[in-house]
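Please read the numbered points below alongside the sequence and the model.

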Amino acid sequence: MPDEAAEEDAPKAGFFARLKAGLSRSTAKLTDAIGSVFLKRKLDDAALEELEEMLIGADLGVAAAGRIVEGFRRTKFGREVTDEEVKTALADEIAAILAPVARPLTIHAGHAPHVVLVVGVNGTGKTTTIAKLAEQYRAQGLKVWMVAGDTFRAAAVEQLQIWGERTGAHVVAPAKMGADAAGLAFDGLKGAKEAGIDVLLVDTAGRLHNKTALMEELRKVVRVLKRGDDAVPHTTLLVLDATTGQNAVSQVKVFKEMVDITGLVVTKLDGSAKGGVVVALAQEFGLPVHAVGVGEKAADMRPFEARDFARSLVGLEG
């Protein structure tokens, strides 16, 4: 008889391996530097300064790097350490920063529908993230609709329609390109309420090159949605591309000016990802990181786990 626990752990083990591979660029930066600096070396001021520079170079940001180094100063200053001891301690310090933000996205049945507004720069994987969420929620037995609110990009509308056919989730699409996104979202909410839908996922535009116009459009979407239900959107997700590194920090700042961001999804944790930026985001903003993505399939997006991410980032086994 098959080992049920082993079968249950297999998908998680597979995802951890994909995550570790996805963080390989950031890991290489850290581990190569740690190996060259901390091979049986006393942790003095000079060593800690080098460690801080490494962490900043690996996209963890100045604030997180400073916090981690202070942790080392309190617990290991003056001691001789090996690179392996540094990696383990580093994973623990990073996990401590990430743990408060590792919170899965909870769908509340009482909202009917729970409205999730999804924002982000075009190209971050925003539309694909919506499709993955739709597939995952459908697999949980929830009734899902999607609104193709990026009405100026035919590719985004078509992509959601294709995913809608695959998953059986209805897609509220514009009658013509360039249609009013706020009106479309309102129609989607009205229809979803009448149809007894559990989750309404609303796509939006992400043309950041014209920030003022985008800000007004997103605010209008929220304003018009509230005419149908003052409590919506219940969740506003910002989708970030991990390959952009510190640019992701700038995007959070910009989108927080536009709408009330309630959580983050980090995509494209592939071999080119600058995964250290997730630590910088956690330290600077404290926003929940609901999920991370390592590939194109729905199963490639999973709830964010602080310990797994921290250990993957420094090249340790799970």
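1. A pocket here is an open set of points, on a 1 Å grid over the protein atoms alone, where a 1.4 Å probe fits, with protein on both sides within 12 Å along at least five of seven lines; lining residues have an atom within 4 Å of a point. The largest pocket is lined by 13 residues, and Leu 105, Leu 133, Gln 136, Tyr 137 and Pro 303 lie nearest its centre. Two or more lining residues come from each of helix 6 (126–139), strand 9 (289–293) and strand 10 (301–303). Helices (H or I, at least four residues) and strands (E, at least two) are DSSP runs, numbered from the N terminus.

2. The model is a predicted one: local features need pLDDT of at least 70 and side-chain atom pairs count only at pLDDT 80 or more, while totals for chains, interfaces and linings use all residues. Residues are numbered from 1 along each chain as its sequence is written, and side-chain values use heavy atoms, with hydrogens and water left out.

3. The space in the largest pocket is about 220 Å³, a volume being the space filled by probe spheres set on the grid points, which are joined across faces, edges and corners. Its lining has 9 nonpolar, 3 polar and 1 charged residues. Ala, Val, Leu, Ile, Met, Phe, Trp, Tyr, Cys and Pro count as nonpolar, Asp, Glu, Lys and Arg as charged, and the others, Gly among them, as polar.

4. Strand 6 (residues 199–202) sends Val 199 and Leu 201 one way and Leu 200 and Val 202 the other, and all are buried, that is, under 20% relative accessible area with a 1.4 Å probe and protein chains only (exposed is over 50%, partly exposed in between). Strand 6 pairs in the parallel sense with strand 3 over 4 bridges and with strand 4 (residues 144–147) over 4 bridges; pairing requires at least two DSSP bridges. Leu 117 stands opposite Val 202, and Met 146 has Leu 201 as its bridge partner.

5. Which bond joins Ala 112 and Pro 113? It is a cis peptide bond, with omega about 5°, and Pro 113 lies in the loop between helix 5 (83–98) and strand 3 (114–119). Another cis peptide bond joins Val 232 and Pro 233, with omega about -5°.

6. Asp 59, although not a glycine, has a positive phi of about 75°. Asp 59 is buried, at 11% relative accessible area.
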